[in-house]
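Have a look at it first.

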Amino acid sequence: MNKAELVAQIKNKKSYLCVGLDTDPTKIPSHLLKEKDPIFEFNKYIIDATIDYTVAYKPNLAFYESLGKAGWESLEKTLEWIPKDVFTIADAKRGDIGNTATMYAKAFFEQLSFDSVTVAPYMGEDSVTPFLAFKDKWAIVLGLTSNAGSKDFQQLTLKDSGEPLYKEVLKKCATWGSSENLMFVVGATKASYFKEIRSIVPDHFLLVPGVGAQGGNLQEVSEFGLNASCGLLVNSSRNILYARSDDQFAGAAKAEAKKMQQEMKSYLEDYLNW
C-alpha cells in the first residue's frame with residue numbers, strides 16, 4: 001500500500017486507528033478454546049467487529065511465534081482475512097544487517113504480504129535500507145518508544161550535539177528513505193515530545209502505541225502529531241481486544257473501536273478540516 005492509498009483510507013473512515021492483534025490464548029474468551037484454531041477465530045471476530053473504524057492491523061509477531069507452527073498458521077489465516085485495502089503491520093522489530101535484513105524483508109513482504117514491518121535501527125543504515133527496496137512497502141523504525149527502558153539509550157544526551165540519541169536516530173534514518181516508505185514509532189506516553197519530533201520529521205507517518213492501557217492521551221498526540229496528510233497511526237491493543245472476556249467480546253471491541261474513531265474524527269475536523 002502506498003501513502004496515497006493509506007491517506008485515502010483515513011479520509012474515508014475518518015480514522016487513524018490501528019488495532020494491535022496481540023492475541024494471548026490465556027486471555028481470549030474460554031468458549032473459543034474449543035475451536036480448531038482459537039487464535040484465528042478470536043482475530044476474525046475482532047477484525048469483523050472493528051473493520052469499519054480501523055485503517056490498520058498490527059499483529060505482534062511474538063504472540064504467534066511463541067506458538068510454533070500453529071501460531072504461524074494462525075497468523076497466515078489472519079492476514080488472509082484482513083481486507084486488502086487495510087494497512088498491515090508486522091510488529092517484528094527486526095534489526096540485522098545485509099543479507100539477513102533482506103531475508104527478513106522477503107519473509108514479511110513476499111511470503112506473508114505485510115505492508116510494513118517494524119525495524120530496530122541500532123545496527124545502522126544497512127539494518128534498515130533493505131526493507132526500503134520493496135515497492136509500496138514500509139519500514140517502521142523505532143524512534144522513541146513508550147517503555148520505561150527507553151531512557152537507558154534513546155534519551156541519552158549525545159556529547160557532540162547536546163541532543164538526545166533518539167533525535168539523531170530520527171534525523172539520520174529520515175535520510176535513508178522518504179515519507180513514502182519510512183515511518184517511525186513514537187510512544188504516546190511521550191506526547192510532550194511530539195512537537196519537537198514533528199520539527200524533525202514533519203511529513204512522515206508516526207506509529208503511536210501507548211494510548212489507553214499504557215496511559216497515553218489521544219488528544220495530546222493528535223494536537224501535536226497530526227500533519228497535513230494525517231501522519232498518524234494510533235495503536236490500541238488491550239483496550240479493544242479484551243474490552244470484555246465473555247461471549248460479548250466482539251460487541252465490546254466494536255464499541256471501543258467506534259469510540260476511538262469518533263474521537264479521531266473530531267480531531268481530523270478540528271485540526272485538518274477534513
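This is a predicted model: local features need pLDDT of at least 70, side-chain atom pairs count only at pLDDT 80 or more; totals for chains, interfaces and linings use all residues.

**Two partners for H11**

Let's start with helix H11, which spans residues 249-272. Two packed helices are described by the angle between their axes and the distance between the axes. With H9 (residues 218-225), the axes come within 10 Å and cross at roughly 30°. Angles under 35 degrees count as roughly parallel, so H9 is roughly parallel to H11. The crossing of H9 and H11 is right-handed. On the H9 side, the contact is made by Leu218, Gln219, Ser222 and Glu223, and they meet Met260, Glu263, Met264, Tyr267 and Tyr271 in H11. Sorted by class, that contact of H9 with H11 has five nonpolar, two polar and two charged residues.

H2 (38-50) also packs on H11, with the axes 8 Å apart and an angle of about 40°. That angle makes H2 oblique to H11. Here, too, the crossing is right-handed. H2 brings Phe42, Tyr45, Ile46, Ala49 and Thr50 to meet Phe249, Ala250, Ala253, Lys254 and Ala257 of H11. By class, the H2 contact with H11 counts eight nonpolar residues, one polar and one charged.

**Met264, from the inside**

Methionine 264 sits in helix H11 and is one of the residues that meet H9. Is methionine 264 buried or exposed? Its relative accessible area is 0%, so methionine 264 is buried. Setting aside neighbours within four places in sequence, methionine 264 is in contact with Lys14, Ser15, Tyr16, Leu17, Leu218 and Val234. As for tyrosine 57, the C-alpha atoms of methionine 264 and tyrosine 57 are separated by 17 Å, and the two are 207 residues apart along the chain.

Aspartate 37 lies in the loop between strand S1 (17-21) and helix H2. Which residues does aspartate 37 contact, leaving aside its neighbours within four places in sequence? They are Ser74 and Lys77, and the side chain of aspartate 37 makes a polar contact with the side chain of each: serine 74 and lysine 77. Aspartate 37 counts as buried because its relative accessibility is 10%.

Serine 127 is in another loop, between strand S4 (116-119) and strand S5 (138-144). At 0% relative accessibility, serine 127 counts as buried. Not counting residues up to four places away in sequence, serine 127 touches Gly95, Asp96, Ile97, Ala101, Val119, Ala120 and Pro121. The side chain of serine 127 also reaches the backbone oxygen of glycine 124.

Here are the distances for these two residues:

| Side chain | Partner | Distance |
|---|---|---|
| Aspartate 37 | Serine 74, side chain | 2.7 Å |
| Aspartate 37 | Lysine 77, side chain | 2.7 Å |

**Positive phi**

Most residues other than glycine have a negative phi. Cysteine 230 has a positive value, near 80°. Cysteine 230 is found in the loop between H9 and strand S8 (232-236), and at 0% relative accessibility it counts as buried. Asparagine 273 has a positive phi as well, near 60°. Where is asparagine 273? It's in the segment after H11. With 69% relative accessibility, asparagine 273 counts as exposed.

Notes: Residues are numbered from 1 along each chain as its sequence is written. Side-chain values use heavy atoms; hydrogens and water are left out. Axes are lines fitted to C-alpha atoms, for helices over the stretch in contact, and angles run from 0 to 180 degrees between N-to-C directions. Helices (H or I, at least four residues) and strands (E, at least two) are DSSP runs, numbered from the N terminus. Angles under 35 degrees count as roughly parallel, over 145 as roughly antiparallel, 65 to 115 as roughly perpendicular and the rest as oblique. A crossing is left-handed if the near helix is turned anticlockwise from the far one by less than a right angle, and right-handed if clockwise. Contact means heavy atoms within 4.5 Å. Ala, Val, Leu, Ile, Met, Phe, Trp, Tyr, Cys and Pro count as nonpolar, Asp, Glu, Lys and Arg as charged, and the others, Gly among them, as polar. Buried means under 20% relative accessible area, exposed over 50%, partly exposed in between (1.4 Å probe, protein chains only). A polar contact is a pair of N or O atoms within 3.5 Å; within protein, one must be able to donate a hydrogen and the other to accept it, and residues adjacent in sequence count only if both atoms are side-chain atoms.
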